[in-house]
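Subject: Structure handover and findings

Dear colleague,

Please find the structure below, together with its sequence.

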Amino acid sequence: MIKLIASDLDGTLLQNGAQDLNPGTTELIHELTRQGRIFVASSGRQYHNLCRLFGPVKDEIAFICENGALVMYKDEIIAKHVIDRQTGQEILKTVVDRKGSEALLSGVHTCYIQPKDPAYLVHLRDVVKNDVTVVDDILETSEDYLKISVYEKAGINNSEEYWKEKFGDRVTVVTSGMAWLDTVPKGINKGTAMQDLMEKFNISREECMAFGDHYNDVEMLEMAGYDFAMENAQEGIREMCHYKTHLVEKTLKEVLGGKYD
């Protein structure tokens with residue numbers, strides 16, 4: 001029986017830049033819960049953003065937040081991993097000083113920004129719908145550093161190697177969409193977060209299913225016996241996965257019907 005189903009959001013469960021779930025998705029998730037299965041929303045997003053997105057079923061499902069740095073289930077912290085403060089300060093200072101880059105510092109309950117462009121705040125608050133705290137000096141925040149992200153509106157691909165060369169020996173550096181790059185504690189990713197959940201609920205790899213489209217989903221997909229790449233996923237993701245789908249909800253309906261049990 002498939003006991004744990006983890007899905008990436010942007011580009012996977014949320015297609016074409018959508019910021020809301022498709023009609024009927026929460027009903028499918030509720031039915032999975034009724035069958036004794038655990039659905040996991042897996043994302044680089046913050047916990048409270050995900051709770052809003054999955055409102056009707058937020059107390060039924062698990063959350064892999066901040067690309068694996070925070071794992072939650074029924075409002076309980078299952079796992080929490082932090083970047084050491086010295087490294088975090090170096091990353092933040094570099095982002096603040098770098099032209100065209102905006103910093104985002106993730107804590108458990110909010111994210112902190114020191115916006116250079118007012119449109120950045122509007123994007124995070126009104127489009128991404130994060131809980132946002134604007135600060136005068138992001139280096140003075142006291143909360144643990146779960147994740148530090150770089151936002152480059154012009155596209156992150158041109159500077160991905162810069163960030164990996166500068167900090168890749170101390171933190172995990174991964175792109176998360178066209179404009180975002182995330183740094184999380186070294187060795188932490190969606191796969192380690194999935195393992196945290198598998199250990200808590202005593203679930204095997206063969207009892208897991210995962211959906212993804214981007215390279216920050218690789219380790220999560222590798223943890224699942226049923227690894228689904230979206231048909232519009234990056235080429236490397238399509239090549240590594242044994243299964244393909246054009247719509248997560250279609251496959252969830254098949255799970256509900258017992259196809260993979």
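Leaving aside its neighbours within four places in sequence, which residues is F39 in contact with? The model is a predicted one, and in it F39 touches I5, S7, L13, I29, L32, F54, I61, A62 and L252.

F39 belongs to the largest nonpolar core, which has 61 residues. I5, F39, F54, F63, M194 and M209 are the members with the most contacts inside that core. There is also a second, separate core of 18 residues, and Y145, V150, W163 and V171 are among them. As general background, nonpolar side chains in soluble globular proteins tend to be buried together.

Turning to the aromatic residues, a search of the whole structure gives 15 aromatic pairs. In one of them, the ring centres of Y73 and F201 are 5.0 Å apart and the planes stand at 80 degrees, so the pair is edge-to-face. This pair joins distant parts of the chain: Y73 is in strand 4 (residues 70-73) and F201 is in helix 6 (residues 190-201), 128 residues apart. Y73 counts as buried because its relative accessibility is 14%, whereas F201, at 25%, counts as partly exposed.

F228 and Y260 form an aromatic pair that is edge-to-face, with 5.8 Å from centre to centre and 90 degrees between the planes. F228 lies in strand 13 (residues 226-230) and Y260 in the segment after helix 9 (248-256), so this pair ties together parts that are 32 residues apart in sequence. F228 is buried, with a relative accessible area of 2%, and Y260 counts as buried at 12% relative accessibility. F228 and Y260 also belong to one aromatic cluster, together with F211, Y226 and Y243.

Finally, there are charged groups placed over aromatic rings. The charged end of R98 sits over the ring of Y162, 4.1 Å from the ring centre. The charged end of K200 sits over the ring of F201, 5.8 Å from the centre of that ring.

With kind regards

Notes
Residues are numbered from 1 along each chain as its sequence is written. This is a predicted model: local features need pLDDT of at least 70, side-chain atom pairs count only at pLDDT 80 or more; totals for chains, interfaces and linings use all residues. Side-chain values use heavy atoms; hydrogens and water are left out. Rings of Phe, Tyr and Trp (its six-membered ring) pair if their centres lie within 6.5 Å; planes under 30 degrees apart count as stacked, over 60 as edge-to-face and the rest as tilted. Helices (H or I, at least four residues) and strands (E, at least two) are DSSP runs, numbered from the N terminus. Buried means under 20% relative accessible area, exposed over 50%, partly exposed in between (1.4 Å probe, protein chains only). A charge sits over a ring if NZ of Lys or CZ of Arg is within 6 Å of the ring centre and within 35 degrees of the ring normal. A nonpolar core is a set of buried Ala, Val, Leu, Ile, Met, Phe, Trp, Tyr and Cys residues joined through side-chain atoms within 4.5 Å. Contact means heavy atoms within 4.5 Å.
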